[in-house]
Amino acid sequence: MPRLIDGRAVAQKVYAELREEIANLKSRGSIPGLAVILIGDDPASRTYVRAKDKMCRELGLHSVKLELPATTTQEELLARVDELNRNQKIHGILVQSPPPPQIDEAAIVRALDSQKDVDGFHPLNVAKLALDDETGFVPCTPLGCLRLLRESGVALSGANVVVLGRSMIVGKPMALLLIRKGIDATVTVIHSRTRHISEICHRADVIIAAIGRPHFVRTEFVGEGATVIDVGINRVDDATNERGYKLVGDVDFDAVAEIAGAITPVPGGVGPMTIAMLMSNTVKACRQITSSSTPG
Ligand code: NAP
């Protein structure tokens, strides 16, 4: 059996590090603050927002949860973002995706103070990622995947890494991170127009699957001993489950686990790391904002 990459355990390690840094910031009079805006009542979004708020409280961060009605207009939302941009107790702002259809999400992201954009979606932060500027914010999920790979001792320098998916949330920033000088992976990005996907994947030392297709990555995609990171979270019907569904990844875990050298489970792999990296980005935002406003 392969080594299981335990996202919950790595997330706990991240929290231990953050607790030290939070204590340090508090001793200098700063409490990192995160504001999460939820528009409407999508049940999955509500669950994510609750988990973020709970984690903030566990770490002793200042947490603000803004729950706005599904009828909120673009102007109303922009006004709330503006208030939070100017609120000195708030260092990170996140608008839970997906917003209702009347909201222009890209315009909202552009309206965020980029120094508080802990999701890393603001154009300035996207540019900073491409420019290897460490003051920027990297989206939480790819940042979490990188930390999992590092904690697992996977050699990335010169490694052949295949990233499945090119979204702005996962695939594209993941590829940009991996080709950074100092990380030095050789990256192939796969999308819906890519041909010969299983052959390309089969040559990879590391496969990172983020396409949102249940069990897409099967045994014929995976070379003996490869590391497999499964970002996918997909609902599939399951009559044996009282909710009527279960969550599975983009990887056919049971079969691929027979071949892989190391693999993340779903749940318990990438998911816990995404929230850990959100906390980490919030603490970083507080550190950066506080140090830039401290005289001298
Ligand atoms: P997305 O925006 O829908 O992007 C999916 C990407 O996969 C696109 O680039 C698409 O290609 C590609 N793709 C789709 N079907 C394909 C196929 N059959 N063959 C090859 N490529 C294909 O999804 P996302 O937001 O990146 O999320 C991906 C998955 O990760 C979802 O299951 C999501 O729930 C999960 N996720 C998990 C976390 C976490 O914390 N664990 C966080 C974020 C997302 P095109 O660009 O050509 O359309």
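The model is predicted, so local features need pLDDT of at least 70 and side-chain atom pairs count only at pLDDT 80 or more, whereas totals for chains, interfaces and linings use all residues. Residues are numbered from 1 along each chain as its sequence is written, and side-chain values use heavy atoms, with hydrogens and water left out.

**The whole chain**

Begin with everything selected and coloured by secondary structure: the protein has ten helices and eleven strands, these being DSSP runs numbered from the N terminus (H or I, at least four residues, for helices; E, at least two, for strands). The C-alpha atoms fill a box of roughly 55 × 45 × 35 Å along the principal axes. Of the 296 residues, 50% count as buried, where buried means under 20% relative accessible area, exposed over 50%, and partly exposed in between, with a 1.4 Å probe and protein chains only.

**The sheet**

Next, select the six strands of the open sheet, whose order is E1-E11-E8-E7-E5-E6 with parallel pairing; two strands pair if DSSP finds at least two bridges between them. Strand E1 (3-4) and strand E6 (186-190) stand at the edges, each with a single partner strand, so one side of each has no neighbour in the sheet. Zoom in on E1 and strand E11 (residues 262-263), which pair in the parallel sense over two bridges; here Ala 262 in E11 is the bridge partner of Arg 3.

**The loop between E4 and H4**

Move to the loop between strand E4 (92-95) and helix H4 (105-111), where Ile 103 lies. Ile 103 counts as buried because its relative accessibility is 8%, and, leaving aside residues up to four places away in sequence, Ile 103 touches Thr 72, Thr 73, Gln 74, Leu 77 and Ile 108, a contact being heavy atoms within 4.5 Å. Pro 98 lies in the loop between E4 and H4 as well, and the peptide bond from Ser 97 to Pro 98 is cis, with omega near -5°.

**Further backbone stops**

A cis peptide bond also joins Val 266 and Pro 267, with omega about -5°; Pro 267 lies in the loop between E11 and helix H10 (270-293).

Then select Asp 132, in the loop between helix H5 (123-130) and helix H6 (140-151), which has a positive phi of about 60° although it is not a glycine. Finish at Asp 184, in the loop between helix H7 (171-178) and E6, where phi is near 65°, again a positive value in a residue other than glycine. Asp 184 is partly exposed, with a relative accessible area of 33%.
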